[in-house]
Structures are given as structure tokens and as C-alpha cells.
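Let me put the model up, and then we'll walk through a couple of helices and a pocket.

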Amino acid sequence: MPVVLIDGVEYVPKVEVPELTNERLYQCLASLTEIQYFNGQIHKHRCWAWEALNSLAPDLANLSSEEAYDLFHPDPHDSRMVRNDCILLKPG
């Protein structure tokens, strides 16, 4: 993952996961069922997955796909990574 320095200070992405509401959960489930139902339209799956992610955690959806993936799948061989140098904030 590339390192971003601003005035000599390493940038650490901040991701806030807002509290789950019924509406956001419904939007997520609707997007996930589209992926499952329209299984022959693989080219649309990335868009539907983004919509599901955006309904649950907009900050996370707006990270690059590499940053978002690395947040949940840190590289065990990178000694400077702590949850990919990203701060994950839980609601409350």
C-alpha cells in the first residue's frame, strides 16, 4: 500500500462505521440479494458490492478498494502495519 506524507507526517486514513439502522441494513441486504440473484451479471457485482458497503459504512466505501481490503486483511509481513495503518472507529 502506498504511503502518503503530508508535511513529513504519514497520513492515516480514518474510517468511521456509523450506527446500524434498519434502513441502512435493508439497503445492504437488497444489494447483496442482487448479487446473488443476478449471478450471470458479474460485471455489475462490484457496483452492487460497493452499494452494500456504502449503505453500512460510507467512509469505508470511499476508500480505495485496496485500502478497504487491507483494513480487514492486514499483511502479516509488513511490520509497520497495524490494521493497515488505518483507524477503524466503532459506533458509540
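So, to start: is T21 buried, partly exposed or exposed? T21 comes out as partly exposed, at a relative accessible area of 37%; buried here is under 20%, exposed is over 50%, and partly exposed is in between, with a 1.4 Å probe and protein chains only. T21 sits in the loop between β3 (14–16) and α1. Its C-alpha atom is 9.7 Å from that of S55, and those two are 34 residues apart along the chain.

Quick housekeeping. This is a predicted model, where local features need pLDDT of at least 70 and side-chain atom pairs count only at pLDDT 80 or more, while totals for chains, interfaces and linings use all residues. Residues are numbered from 1 along each chain as its sequence is written, and side-chain values use heavy atoms, with hydrogens and water left out.

Now α1. Helices here are DSSP runs of H or I with at least four residues, strands are E runs of at least two, and both are numbered from the N terminus. Buried in α1 are R24, C28 and S31. They cover an arc of only 65 degrees around the axis, so they're on the same side of α1; the arc is taken from the directions from the helix axis to the C-beta atoms. On the face turned away from that side you'll find exposed residues N22, E23, Y26, Q36 and Y37.

What covers the buried residues of α1? That includes α2, where contact means heavy atoms within 4.5 Å.

In α2, the buried ones are H45, W48, A52 and S55. Those cover an arc of only 95 degrees around the axis, which puts them on the same side of α2. H43 and R46 are exposed, on the face turned away from the buried side.

Which helices each supply at least two residues to the lining of the largest pocket? That's α2, α3 (58–61) and α4 (65–72), and α2 gives the largest share, four residues. Among the lining residues are R46, W50 and L63. A pocket, by the way, is an open set of points on a 1 Å grid over the protein atoms alone where a 1.4 Å probe fits, with protein on both sides within 12 Å along at least five of seven lines, and lining residues have an atom within 4 Å of a point.
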